[in-house]
Every structure is written in structure tokens, then in C-alpha cells.
Amino acid sequence: MAATAVDSGIQRTASAVDYSDVQGLVRFGYGKLTESCFLLLNIRDAAAARSWLATAPVTNAVQLDQASPTALQIAFTHEGLQSLQVPDEVLAGFSAEFLTGMAGEESRSRRLGDVGANAPEYWQWGGSGRVPHIVLMLYAQPGKLEGWTLAIQEANWNAAFEVVTCLLTSNLDGIEPFGFADGISQPALDWERQRKPAKNELAYGNLAALGEFLMGYPNEYSKYTDRPLLAPDAPGSTALPPAEDVANQRDLGRNGTYVVFRQLQQDVRGFWRFLDAQTNSDPQARQSMGEDMVGRKMDGEPLVELSDDPIAGIDPGTTPHNQFTYNSDADGLSCPFGAHVRRANPRNADLPPGSSGLLSKALHTFGFGNKQYRDDIIASTRFHRVLRRGREYGPGLSPEQAIQTNVSDPGEHGIYFICLNANISRQFEFVQNAWIMSTKFDAMTEESDPLLGNRQPVAGCPFTDTFSVPQVEGLRTRITGLPQFVTVKGGAYFFLPSLSALRYLAAVR
Ligand code: HEM
């Protein structure tokens with residue numbers, strides 16, 4: 001079915017999403033396919049790689065086939081597209097951050113917090129000269145991963161690729177290695193294309209315009225994110241769908257998106273031992289301090305009251321733990337301002353408390369009005385959402401095991417942080433830089449994310465190792481000397497093409 005939308009004077013035809021052209025990961029997390037591995041590949045021979053890609057059994061987003069034992073997704077770095085000999089003029093249409101790469105320039109590394117022990121020079125992969133060309137994401141039912149990994153290595157595989165590394169995941173039943181329930185809050189994608197974001201929309205909603213997560217569709221600004229468009233006579237372009245917003249152009253980005261992939265090692269022992277020392281080994285106080293740092297209880301329950309008001313895109317029946325804003329907690333007494341989830345998605349923190357009137361909203365939006373503690377406008381969260389698709393690695397270790405000194409650590413722990421977004425700089429990089437790493441978030445000082453902070457000094461702020469917890473009476477409690485709990489071990493930006501773009505990439509040269 002096609003509907004016509006008019007925006008900025010451009011007449012567009014808003015056609016229904018062709019799920020058979022979208023890689024399934026955009027729509028599904030493949031939670032039932034509990035075994036997975038991420039194969040990082042380099043291309044040995046472009047022609048052999050193209051012929052393998054032309055018939056690769058990539059899983060689409062048509063439906064979540066519960067009976068299907070496996071799934072495969074494919075994404076490319078800039079270096080990978082270059083190795084496939086994609087023409088320069090086509091590559092030029094990708095975003096600057098994708099072309100430069102996650103570790104491609106010092107200023108980006110600084111903004112992402114990839115300095116000190118996080119610096120790309122120490123990464124196991126993804127640093128200078130070590131950016132893989134392709135990530136193959138393989139998912140399988142228990143016991144089926146090994147067979148699936150072998151099954152895809154057929155035809156031209158050996159001639160085509162060199163395996164850089166195989167990142168194996170572990171199944172911790174939805175609990176990340178520190179021991180907290182994860183994957184609870186996700187944006188809801190407007191697959192039906194019903195959302196019409198209003199200008200100056202201020203209320204928190206969870207329903208996101210499709211263009212935030214898939215290229216080729218209007219985003220939260222009602223605009224189309226920049227992406228490579230090809231002239232109709234460009235070689236191979238007829239394999240691609242027409243662009244909705246520019247007449248006579250073929251859309252290489254439509255139904256594709258970018259993947260941010262970071263290997264984040266977690267010092268589970270360091271985390272719980274630090275908390276244990278801070279709380280005089282009181283198990284309840286230790287857990288409660290950890291929950292303050294995350295911003296949710298260990299089982300995922302929010303620290304703030306659930307909201308009675310409906311929130312667009314949240315179904316309290318299916319995701320009850322997500323039915324909240326920070327309206328009821330303007331002073332951070334239930335969930336500290338600096339908690340990980342409050343930084344990563346401040347929800348309705350766009351406006352300071354007491355600013356519900358129209359005049360007040362206008363004053364604050366334009367930066368007038370009295371400045372008080374936490375009276376800064378954070379930015380409308382709807383422009384800065386990410387769709388998380390990460391997986392854990394390493395064995396599980398409970399807080400009790402972590403604090404024991406007589407038990408040896410069974411191995412490395414961490415998450416492969418994977419998120420999807422159509423605009424890496426406005427979505428992932430903004431969240432990582434302005435909210436997670438920032439020492440100025442929500443008018444705080446000397447602190448960054450309690451889980452993810454690198455504790456490195458930044459200009460004008462020699463200490464970043466504090467975590468403060470507002471109190472009902474008196475000053476905030478300040479915990480100082482936080483060690484680094486999470487270390488970046490690798491990472492890259494990838495392009496996750498549509499199925500038609502994959503066919504184009506397998507043919508073009
Ligand atoms: C080892 C690293 C990390 C750990 C242990 C971690 C842990 C968690 C946990 C336990 C939650 C609560 C569960 C949920 O709401 O789904 C959460 C939520 C979230 N995290 Fe992380 N996280 C990590 C890295 C990151 C990074 C690098 C980002 C983004 C740059 C991020 C963004 C988010 C977002 C957006 C949410 C949902 C917040 C909400 O909508 O309320 N996380 N994380």
C-alpha cells in the first residue's frame with residue numbers, strides 16, 4: 001500500500017517496508033538463537049568474495065521463523081567496501097564517520113573516550129591497519145553453531161576470505177557480566193510508517209521514526225539521512241530500489257543501516273570488590289550501590305516509579321519494566337542523575353522541572369530562564385536513540401564469587417556492544433560522548449558514566465572518577481576513586497546493507 005506524504009515541499013511516495021529486503025537483525029534480536037559468533041574477515045580475493053556474497057544465505061526480516069535453527073547477517077567496513085572495489089564515487093556517499101572509521105582519527109577517539117587503557121593502539125582488532133573488512137554475524141539454536149559456521153564456509157570461501165578472528169559469545173540468559181538484566185529498554189520502530197514527528201515535540205515517547213534506524217526513510221526530523229544515491233545509469237544500480245526523496249536516483253542505503261560494534265571487557269571482580277569495600281562488605285548495601293550505578297535493580301526493575309500515563313511505543317503489558325520517565329524523580333533521589341541508564345537515555349530530561357507551561361518551555365528551549373542545579377537542557381532524546389543488539393562473552397561470575405579472593409577468575413568477561421543506527425554521529429557518538437563520557441552531564445562535575453568511564457582527566461576537569469548520589473536532605477553522597485571497570489578491546493563501524501544492496505555490492509566493480 002502506498003500513501004503520499006508532503007514535507008518541505010517535496011512530494012514523496014511512502015511505500016510499505018519490504019521486509020524481504022531488510023536484514024533480520026534490524027527487526028529481531030534472535031534471542032532464541034542463543035549461540036552466536038562474530039567472524040571478522042578480510043577479503044583475500046575480491047572476485048571470489050563477490051561470488052560468495054552473491055549467494056550468501058543472509059536472513060531477512062520477513063518474519064521470525066521460530067523453527068529456523070540459524071541466522072546469518074553481513075556488514076562491511078569502509079575498508080571492506082574498498083577491497084570489494086566499490087567505486088570511489090559511490091563510497092563518497094557514505095557518512096564521514098563511517099568513512100573515517102571508529103579509530104580513524106585522534107579527535108574521534110578522544111570524543112568516544114578511547115584514550116588511556118581504551119586507546120585503539122591496545123585493541124585486539126580495529127586499530128590502525130587492523131580494521132577488518134567484514135563481520136559475519138552467525139546465530140544458531142543450542143548445539144547448531146559449529147555446523148552452521150562450517151556450512152557457510154563453502155564454495156569460494158577459502159579463496160575469498162581470511163578469518164581475522166572468531167568472536168564467540170556466551171549465553172548468560174539475558175544477564176550482562178556484572179550481573180544485571182539487560183536488553184530491557186529498546187526504541188519501538190515505526191514499521192507501519194504512521195509516525196509524524198511534530199516540530200518541537202517535547203513529551204517522551206518510545207516510538208521512533210523508521211529513518212532513525214533504516215536509511216531511505218524519514219527520520220525524527222522528517223528528513224532523509226544522507227546516504228549513497230546512484231544515477232539510474234550507474235553500473236548495477238537497477239538492482240537497487242528508487243530513492244523516495246530524490247527523483248531518478250537509486251538508493252544504495254534504503255533498508256540498510258550502520259552497525260557500531262565495540263568489544264567491551266568488563267572487570268567483574270574489580271566492580272564488585274570496589275563496591276564491597278565501599279559498603280563494609282554489607283551485601284545489601286553493596287548491591288544497592290551497584291543498582292544506583294546502573295540505574296535499575298539487578299532484575300531489571302526501574303529505580304523510579306512506573307508511570308500511569310501512557311508512553312507512545314511502550315506496551316506496559318509486554319515491557320512493564322520500561323513504563324517510566326524521570327518526571328517523578330526530578331531531583332535524582334530514586335535514580336541518580338549519573339546512573340548508566342539515565343545517561344544513556346535521559347527520557348524526559350529535556351526540560352528542567354517546573355517547565356511544563358508553554359512560555360516556560362519556550363524560554364528554556366531558547367536557553368533563557370534561571371539556571372539552577374541541573375537546569376540545563378540535555379537535548380531531545382528522540383534524536384539520540386540506538387537499537388542495541390549486543391551479546392555477552394565469557395563465563396558468568398556472581399557478585400559473591402567475584403568478591404571471593406580464594407577462587408581464580410574463570411576467564412575474561414564482557415559484552416560485544418552492538419548497536420544499529422542510521423546516523424552514527426547523531427546517535428551512537430552523541431550518546432557515547434555527550435551523555436556517557438561527559439563530565440558535564442546534567443550539571444554534574446568530576447564524573448562520567450560509573451560503569452563505562454575511563455577515569456582519564458579531561459581539559460578543565462582533572463578528576464572524573466566520582467559518582468554522586470543525591471540525598472533527601474543535605475549534600476549529595478560522593479563516592480570517589482572509582483577504578484575503570486570497562487575497557488575497550490576492539491571496535492569498528494560497519495554498513496549493514498539491504499539484501500538488494502548486497503546483490504549490488506556482489507556485482508559492482
Ligand atoms: C560493558 C558495557 C555496558 C554494560 C555492562 C551495560 C549495561 C546496561 C544495563 C544493565 C542496562 C539496563 C537494561 C536495559 O535498560 O536494557 C543498560 C541500558 C542501556 N545501555 Fe548499557 N551497558 C554497557 C554499555 C553501553 C554503551 C557503550 C551504550 C551506548 C553508547 C549503552 C547504552 C545503553 C542504553 C541506550 C540503555 C537503555 C537505557 C534506557 O532506554 O533506559 N550501554 N545498559
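Before you start selecting, note that the model is predicted, so local features need pLDDT of at least 70 and side-chain atom pairs count only at pLDDT 80 or more, while totals for chains, interfaces and linings use all residues. Residues are numbered from 1 along each chain as its sequence is written, and side-chain values use heavy atoms, with hydrogens and water left out.

**Stop 1: the iron**

Select the iron atom of the ligand and then His340: its NE2 is the single protein donor, 2.1 Å away. Donors here are N, O and S atoms within 2.8 Å of the metal (3.2 Å for Na, K and Ca); water is not among the atoms, so sites may look incomplete. His340 sits in helix 10.

**Stop 2: the shell around the ligand**

Now show the 25 residues around the ligand; Ile184, Ser185, His340, Arg347 and Arg388 come nearest. A residue is near if one of its heavy atoms lies within 4 Å. The shell holds 14 nonpolar, six polar and five charged residues, where Ala, Val, Leu, Ile, Met, Phe, Trp, Tyr, Cys and Pro count as nonpolar, Asp, Glu, Lys and Arg as charged, and the others, Gly among them, as polar.

Colour strand 11 (257-266), helix 10 (340-344), strand 14 (414-421) and helix 13 (425-437): each supplies at least two shell residues. Helices (H or I, at least four residues) and strands (E, at least two) are DSSP runs, numbered from the N terminus.

Next, look at ligand oxygen atoms. From Gly183, a backbone N or O atom lies 3.1 Å from a ligand oxygen.

**Stop 3: Ser498**

Move to the loop between strand 17 (486-496) and helix 14 (499-507), where you will find Ser498. Is Ser498 buried or exposed? Ser498 is buried, with a relative accessible area of 1%; buried means under 20%, exposed over 50%, and partly exposed in between (1.4 Å probe, protein chains only). A polar atom of the Ser498 side chain lies 2.9 Å from the backbone nitrogen of Ala501.

**Stop 4: the nonpolar cores**

Finally, select Trp52, Ile74 and Leu136, which touch the most other members of the 85-residue largest nonpolar core. Such a core is a set of buried Ala, Val, Leu, Ile, Met, Phe, Trp, Tyr and Cys residues joined through side-chain atoms within 4.5 Å. Helix 14 gives the most to this core, with six residues.

Notes:
A polar contact is a pair of N or O atoms within 3.5 Å; within protein, one must be able to donate a hydrogen and the other to accept it, and residues adjacent in sequence count only if both atoms are side-chain atoms.
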